[in-house]
Amino acid sequence: MLSSILFCLLFGAGSIFFFLNAKKIRRNILIGKNITISDNKSERWKTMLLVAFGQKKMFSRPIPAILHFVLYAAFIITQIELLEIIIDGVSGNHRFFRPFLGGFYTFLISLIEVLSVLAFIATFAFLARRNLLKVPRLVMNELNGWPKLDANLILLAEITLIIFIFMMNGADEVLYQRGASHAVNTGDNSFGFSISRHLGPALYGGMPDGGLHVIERIGWWGHLLMVLGFLCYLPFSKHLHIVLAFPNTFYSNLSKKGKLTTLDSVTDVVAPNFDPSYQPKTDPNNPERFGVKDVQDLTWKNLLDAYSCTECGRCTSSCPQNQTGKKLSPRKIMMDTRDRLVEVGKNMDANKGVFVDDGKSLLGDFISTEEIWACNTCNACVEACPVNINPLEIIVEMRRYLVMEQSQNPSELTNMFSNLENNGAPWQFSPADRANWVNEN
């Protein structure tokens with residue numbers, strides 16, 4: 001009874017902590033401008049299933065894709081065991097599903113154990129890639145400090161969780177063979193789990209029952225505490241993408257890559273010249289800012305992108321400007337957007353839900369003009385992202401702000417803008433002369 005009460009208190013506290021922080025994240029995302037994304041629902045479901053659930057875009061790089069898929073599969077399948085632990089914790093039972101599922105239960109736990117071993121290997125491989133092999137996209141400057149620590153902490157936590165799983169299953173295997181397990185005896189002489197039936201007797205076969213019960217309970221409670229710890233840690237980690245990747249891919253931009261959006265405020269000025277019946281889309285008494293200066297000027301989808309970023313660096317490693325030594329890093333654009341959004345959220349928390357101007361902005365204090373003007377809008381970053389994040393939208397909107405609000409742009413563009421305004425084309429001749437080349441010999 002005491003164990004069940006303690007379990008319920010811990011599980012309830014962890015769940016409430018996660019819910020409160022998830023609510024803040026939702027509030028932060030909705031700081032962005034409201035847009036409606038409701039078209040092509042069948043295509044959106046298909047995109048989500050292929051890209052988020054099916055990991056489709058990961059396999060452009062097979063080795064990390066296979067390693068990641070093992071971790072992903074282990075995470076999904078082990079939720080079955082976690083569900084049983086929750087039921088056991090509330091009811092005071094042990095291995096609640098085993099009497100009902102019989103041989104299928106043995107198959108499921110055996111599959112979890114095999115995946116756990118593969119995940120154990122994959123985790124060490126990821127640690128080596130970051131800290132020993134130092135894969136270039138995983139050791140860039142923007143990952144110094146917390147991002148690097150965050151990635152390593154999760155990998156070490158994964159290893160610890162797997163150790164707890166095999167402590168629980170291995171000790172329980174030996175206890176069951178002796179008829180001393182908490183689990184209901186169904187008449188067989190072994191649980192028969194693929195790994196534990198060999199590992200358990202090898203590690204714990206010479207231990208007394210009392211010591212085995214301690215190890216099994218450490219494994220059980222350790223498994224639970226690692227899961228609850230991860231749940232509480234998730235809102236502060238890049239690993240939030242395991243939750244947000246699904247809505248983020250569902251709301252993907254399905255337009256052709258390279259298609260730019262238009263500003264309603266500009267359309268409201270131009271469109272009436274061609275269509276007298278045109279109805280304005282914006283309120284002239286409450287004009288919107290042209291482009292983006294701070295996170296409040298972005299859409300909620302841009303902000304969802306920022307929270308969904310896995311910090312894998314595929315966008316940056318695919319960026320031709322970054323490859324040639326330019327300051328631009330699409331990953332940093334997304335990380336900076338998220339950092340500024342978190343800062344704005346904390347500001348609102350400290351001021352009863354109202355943002356108080358702190359004299360800072362996303363453009364300038366987090367992202368420099370050098371970075372956004374380095375982009376050549378090739379969409380390589382958008383194509384490379386495994387969860388369909390679009391850094392280019394943020395970059396283009398910041399350029400709009402600089403040009404349309406601040407009249408700031410590289411000098412190389414000044415002549416082009418002038419020609420567009422006067423000639424309707426980037427070239428320095430009149431529209432009447434534009435086709436003269438066809439008469440040249």
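Reader: How many salt bridges does the count come to here?
Author: Keep in mind that this is a predicted model. Side chains of opposite charge can pair when their charged atoms come close. With a cut-off of within 4 Å between nitrogen and carboxyl oxygen, the count of salt bridges comes to 18.

Reader: Arginine 27 sits in helix H1, so which helix holds aspartate 349, the residue it links to?
Author: The side chains of arginine 27 and aspartate 349 meet in a salt bridge, 3.1 Å from N to O. That pair links distant parts of the chain, 322 residues apart, with arginine 27 in helix H1 and aspartate 349 in helix H14. Arginine 27 counts as partly exposed because its relative accessibility is 25%. Aspartate 349 is partly exposed too, at 38%, and its helix is H14.

Reader: Is aspartate 172 buried or exposed?
Author: Aspartate 172 forms a salt bridge with arginine 95, the closest N and O atoms being 2.9 Å apart. The two are 77 residues apart, aspartate 172 in helix H6 and arginine 95 in the loop between helix H3 and helix H4. Arginine 95 has a relative accessible area of 3%, so it is buried. For aspartate 172 the relative accessibility is 0%, so it counts as buried.

Reader: What separates glutamate 397 and arginine 400 along helix H18?
Author: These two form a salt bridge, with their closest N and O atoms 2.6 Å apart. Glutamate 397 counts as buried at 14% relative accessibility, and arginine 400 counts as buried at 16%. Because they are three residues apart in helix H18, the separation is about one helical turn.

Reader: What is the angle between the planes of phenylalanine 7 and tryptophan 220?
Author: Phenylalanine 7 lies in helix H1 and tryptophan 220 in helix H8, so the pair ties together parts that are 213 residues apart in sequence. Both residues are buried. Their rings form a tilted aromatic pair, 6.0 Å centre to centre, and the angle between the planes is 50 degrees.

Reader: Which residues do ring pairs link into a cluster?
Author: The count of aromatic pairs comes to 16. One of them is phenylalanine 7 with phenylalanine 11, stacked at 5.8 Å centre to centre with 10 degrees between the planes. Those two are four residues apart in helix H1, which means about one helical turn. The cluster consists of Phe7, Phe11, Trp220 and Trp221.

Definitions and conventions
Residues numbered from 1 in each chain as written. Predicted model: local features only at pLDDT ≥ 70, side-chain atom pairs only at ≥ 80, totals over all residues. Heavy atoms only, no water. Buried < 20%, exposed > 50% of the residue type's maximum accessible area, 1.4 Å probe, protein only. Phe/Tyr/Trp six-rings, centres within 6.5 Å; stacked < 30°, edge-to-face > 60°.
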